[in-house]
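Subject: Structure for your files

Hello,

Please find the structure below.

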Amino acid sequence: MKVLSVAVVVGALTASAGHVVQGPAASAGSDRSRDADLAAIEKLHQQDIAATLSRDPVALTDLWTDDAVRLGQGRPAEVGKPAIRESNERWSARPGVKVLTYVPETKDVTIWDGWAVEWGYVTGSYVEAPGGEPKQIRGTRLMVLKKLPDGSWKCFRGMGGPTLTAPLAGPLVQGPAAPAGSDDRRGHDADRAAFEKLYQQDIAATLSRDAVALTDSWTDDAVRLGPGPPAQVGKPAIRESNERWSARPGVKVLTYVPEIKDLTILDGWAVKWRNITGSYVESPGVEPKQIRGTVLGVYKKLPDGSWKAFRAMGTTE
């Protein structure tokens, strides 16, 4: 199960806590705007903590935009606010469950033109019944946030590894899905062509287990996350992980099929989530192993018009 996910998402290094990056170069006025945005994002974090500790399904749902998508480990995507709400209501209705602690740790926030991407870790504990033994949980999360006209921020796309809701919620309901490969804005023909090229390069690099080609699809300041910590921070850490995977003797990737579910192209940035299926063998002649997973990625457009991954997280079923 780990082989393909190592090439896409498994972590190796951590970043300094609470690092903030502003997208384009900032003036004094934009610095003040950034400070206001950070304060509003911190308010969202505090609302998340309060809603999780209280298991309030209304407050938990209000953290998301109407067109949000929530992705988790080993479960279908929740597409749209109604699907997210239904999942929250089932979790909150479970009798006896009590969240004891919930501590999100944001490691990095990047803000640009009404959007933000952040990644970090989550630790927590809960009991499934009064007097039960507390269970500990630790995971990673990647969130794309959207600024609303009133200055508040909500989550537009989010993925978490093991979370307090994941082991408790049970089967999830798929909401109305966007058409595969959809782009919610028109006039991006050149960008879509560049993404198709990146898509084909990813397939070729994964099938060949080419560590150099796998690394080249990332920006120098990229972060790659798996369901659990630590993250791979920076291109050297991603390259080192790819090289270790490529050096494993006998491993052969038989199939690798990414299926793009949604692509949102912004000004110089893009957000994409996709499902992945594949198969591999760990040594010649052995039974092939199947793999299925989900990836959430944030991409940066380079001056030459190409796109590379800036932040990405993946989980496997």
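Strand β11 (residues 252-265) runs antiparallel to β12, and twelve bridges join the pair. Strands here are DSSP E runs of at least two residues, helices are H or I runs of at least four, and both are numbered from the N terminus; two strands count as paired if DSSP finds at least two bridges between them. Across this pairing, L263 has K272 in β12 as its bridge partner. The two strands make a hairpin with three residues between them, and G268 in that turn has a positive phi of about 85°.

Before going further, the basis of all this: the model is predicted, so to speak of local features pLDDT of at least 70 is needed, side-chain atom pairs count only at pLDDT 80 or more, and totals for chains, interfaces and linings use all residues. Residues are numbered from 1 along each chain as its sequence is written, and side-chain values use heavy atoms, with hydrogens and water left out.

Strand β7 (residues 153-160) has two partners. With β6 (residues 135-147) the pairing is antiparallel over seven bridges, and K147 stands opposite W153 of β7. These two strands also form a hairpin, with five residues between them, where G151 in the turn has a positive phi of about 90°. With β2 (residues 64-72) the pairing is parallel over five bridges, and G72 stands opposite G160. Eight of the eight residues of β7 are buried (under 20% relative accessible area with a 1.4 Å probe, protein chains only; exposed is over 50% and partly exposed is in between).

Helix α5 (residues 189-208) has 20 residues and reaches 29 Å from first to last C-alpha, close to the 28 Å expected at 1.5 Å a residue (the expected span is 1.5 Å times one less than the number of residues). Its buried residues include D191, F195, L198 and D202. Just after α5, R209 takes a positive phi of about 55°.

Helix α7 (residues 235-246) has twelve residues that should span 16 Å at 1.5 Å a residue, and its end C-alpha atoms are 16 Å apart, which agrees. K235, A237, I238, S241, N242 and W245 are its buried residues. Seen down the axis, these fall within an arc of 165°, so they line one face of α7 (the arc is that of the directions from the helix axis to the C-beta atoms).

On a 1 Å grid over the protein atoms alone, a cavity is a set of points where a 1.4 Å probe fits but cannot get out, a pocket is an open set with protein on both sides within 12 Å along at least five of seven lines, and lining residues have an atom within 4 Å of a point.

The largest pocket has a volume of about 190 Å³. Its lining includes A194, K197, D216 and W307. Elements giving two or more residues to this lining are α5, α6 (211-216) and β14 (307-316), and α5 gives the most, with six.

There are three cavities of 30 Å³ or more.

Regards

Definitions and conventions: Grid points are joined across faces, edges and corners, and a volume is the space filled by probe spheres set on the points.
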